[in-house]
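Visitor: Please take me through a single part of this structure, up close.

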Amino acid sequence: MQSGLLRALRLGSFGGAPIVAAMIAGALVGSALGASPFVISQKDREFNPAEISIKRGEILRFINDDGELLHHAYLSSDKFSFDSGDQQPGSKYDVAFSVTGDYTVLCGIHPKMKLTVHVAK
Ligand SMILES: [Cu+2]
């Protein structure tokens, strides 16, 4: 697919070429920086990473990476809330953060687990 795009560039429809070049650049940047969904591991009674900055509408994927422990990610605030329910080992739960703000996600089973989420516009 990429070689097809490059060939189109070389053959050069003058109006379309800059747009195609911008699309290729965007794809490369996206893969280099990582993209939504962003994986949050729950293991050894910690969220990893413990802090993350995303943009509104992007998705966090909570994965229980523990062998035996349940986890239960939740967020309760005036602006935005979610509740994963009890998560079995190996299970995942996706949350789209649709409202900008700074949030603290907690685990209903392990009170010391904290994840700070910054959601920008
Ligand atoms: Cu937990």
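**The core and the listed site**

Guide: Start at Val105. Leaving out residues up to four places away in sequence, Val105 touches Ala73, Leu75, Leu115 and Val117. Touching means that the C-beta atoms, placed from the backbone, lie within 7 Å. This is a predicted model: local features need pLDDT of at least 70, side-chain atom pairs count only at pLDDT 80 or more, and totals for chains, interfaces and linings use all residues. Residues are numbered from 1 along each chain as its sequence is written.

Now widen the view. Val105 belongs to the largest nonpolar core, which has 12 residues in all, among them Ala73, Cys107, Leu115 and Val117. Such a core is a set of buried Ala, Val, Leu, Ile, Met, Phe, Trp, Tyr and Cys residues joined through C-beta atoms within 7 Å. E4, strand E8 (101-107) and strand E9 (114-120) each supply at least two of the core residues. The largest share, three residues, comes from E9. Strands here are DSSP runs (E, at least two residues), numbered from the N terminus.

Cys107 leads on to a listed site. An unreviewed UniProt entry gives His71, Cys107 and His110 as "binding site". They span 40 residues in sequence, yet no two of their C-alpha atoms are more than 7.5 Å apart, so they gather at one spot. UniProt annotations may be inferred rather than shown by experiment.

His71 lies in the loop between E4 and strand E5 (73-75). His71 counts as buried because it has 25 C-beta neighbours inside 10 Å. The cut-offs are 20 or more for buried, 12 or fewer for exposed, and partly exposed in between. The contacts of His71 include Cys107 and Ile109. His110 sits in the loop between E8 and E9. With 17 other C-beta atoms within 10 Å, His110 is partly exposed.

Definitions and conventions. Helix = DSSP H or I, 4+ residues; strand = E, 2+ residues; numbered from the N terminus. Contact = placed C-beta atoms within 7 Å.
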